[in-house]
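Hello,

Here is the structure I said I would pass on. My notes on it follow below.

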Amino acid sequence: MDRMNRIVISALARAFLVGAAAVALFGTAGPAAAQAIVTQGPCVSASGYCLGFTEEDDAIPVVRSVVFNAPSAGTAMVRFHGSVVCFNQFFRPAVVDLVSQIVTKAAAVPDPNGPGGLRHAIVFTAGSDPLFGGIDKADTFNLRSTRVVEIAAAGPRKFFFKIASLRMDSATSCVVYNAAFSIVFVP
Amino acid sequence: MLRLAFGCLLLGAFAALASPASAQGVIKTQQPCVSTLGYCLSFGSGDAIPIIRTMVFDAPSAGTASVTFHGSMTCSNTADDARVVDLASQVVSNSNAAPDPNGPGGLRHAIVMFSRPAGTSDSFNLASTRDFTINGAGRQRYHFKMQKLRMDGNTSCFIYNAAFSVLFVP
């Protein structure tokens, strides 16, 4: 009888340990572990900012992109962090009117009314020509944007932050700072 | 006895499956707000500012909701002299709450705009985040509200996008 009791107790103990191990295993490597937060370092060039553009440029380059390797199907909250400083170097008032958006295709045209889209517009007072000791007029826009994207299956997904000009008057220019994506993913 | 042992094993496995699932986060969002005029809404110096946007979130359990508001605002001055626009905004859970720029999820947006034709408009990013503790499963409502601290005559503001997102963690 004692031997039988020992066998039973031993079997129960093993079962408990296996169950506990399962809890530990699923608790750390199961669905909860597939949640993820990823980010990228700030973008900075030797010039001290990420990139710049002027009214003379044919197109504003893609400001930044990020590749996210989704571990499964789920939902990604994509956040963009950065600012853009714009200048009027001319001695007349000038307009800078920009739109930005977090998009999933590099060729997409930014839409201020689309998910993750914004509009940034200003009428500058007259700047003074620096050649004559004048001071440029400047203003800053916060580019912070959020877009939620459903992901159908595991695999790499690419996100882009794009800016397009609705109007940039003569002698205006802008420089972008930081320009970093971060992503929170939930299966 | 073997049945009892397998029972213990199954209980352990169920516990394993149940506990991480309840710890799973949730992300919810809403579509951007846009009217036929090409923006979400506008208000002038003589208007009461409506609630900019509301989001309903059905919390699956107790937990914490990190509520993010995404949007921008462009303000303009059509007067022949300098004018002030000075606004406060906040993410609130009570639709009657007065926005407090110093409260959680609050901001202040102020500018002196020059007269025409120069310096007559500027833009503000309204991006805001506020964390709410949720005591149990149920419906939650979050509002983005704005209030005038000062808005001179002949000024107006236009809101773009105005979309909430919620990251919920049990």
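**Notes on chain A**

A179(A) is buried, with a relative accessible area of 0%. This residue, A179(A), sits in strand β10 of chain A. Its phi is near 50°, which is a positive value in a residue other than glycine. Most residues other than glycine have a negative phi. Please keep in mind that this is a predicted model.

A171(A) also has a positive phi, of about 70°, and is not a glycine. A171(A) is placed in the loop that runs between β9 (155–168) and β10 (172–186) of chain A.

The other residue I looked at is H120(A), in strand β6 (residues 117–124) of chain A. H120(A) counts as buried because its relative accessible area is 4%, under the 20% cut-off. Its side chain makes a polar contact of 2.9 Å with the side chain of S100(A). Leaving aside residues up to four places away in sequence, H120(A) touches V96(A), D97(A), L98(A), S100(A), F141(A), N142(A), L143(A) and, from chain B, S123(B).

Of the 187 residues in chain A, 45% are buried. Among contacts in chain A with a separation of 6 or more, 81% are between residues 24 or more positions apart. The accessible surface of chain A is about 9200 Å², and carbon and sulfur atoms account for 59% of that surface.

Regards

Technical notes. Residues are numbered from 1 along each chain as its sequence is written. Chains are lettered from A and ligands numbered from 1 in the order in which they are written. This is a predicted model: local features need pLDDT of at least 70, side-chain atom pairs count only at pLDDT 80 or more; totals for chains, interfaces and linings use all residues. Side-chain values use heavy atoms; hydrogens and water are left out. Helices (H or I, at least four residues) and strands (E, at least two) are DSSP runs, numbered from the N terminus. Buried means under 20% relative accessible area, exposed over 50%, partly exposed in between (1.4 Å probe, protein chains only). A polar contact is a pair of N or O atoms within 3.5 Å; within protein, one must be able to donate a hydrogen and the other to accept it, and residues adjacent in sequence count only if both atoms are side-chain atoms. Contact means heavy atoms within 4.5 Å. Accessible areas come from the Shrake-Rupley method with a 1.4 Å probe; for residues, only the protein chains shown count as cover.
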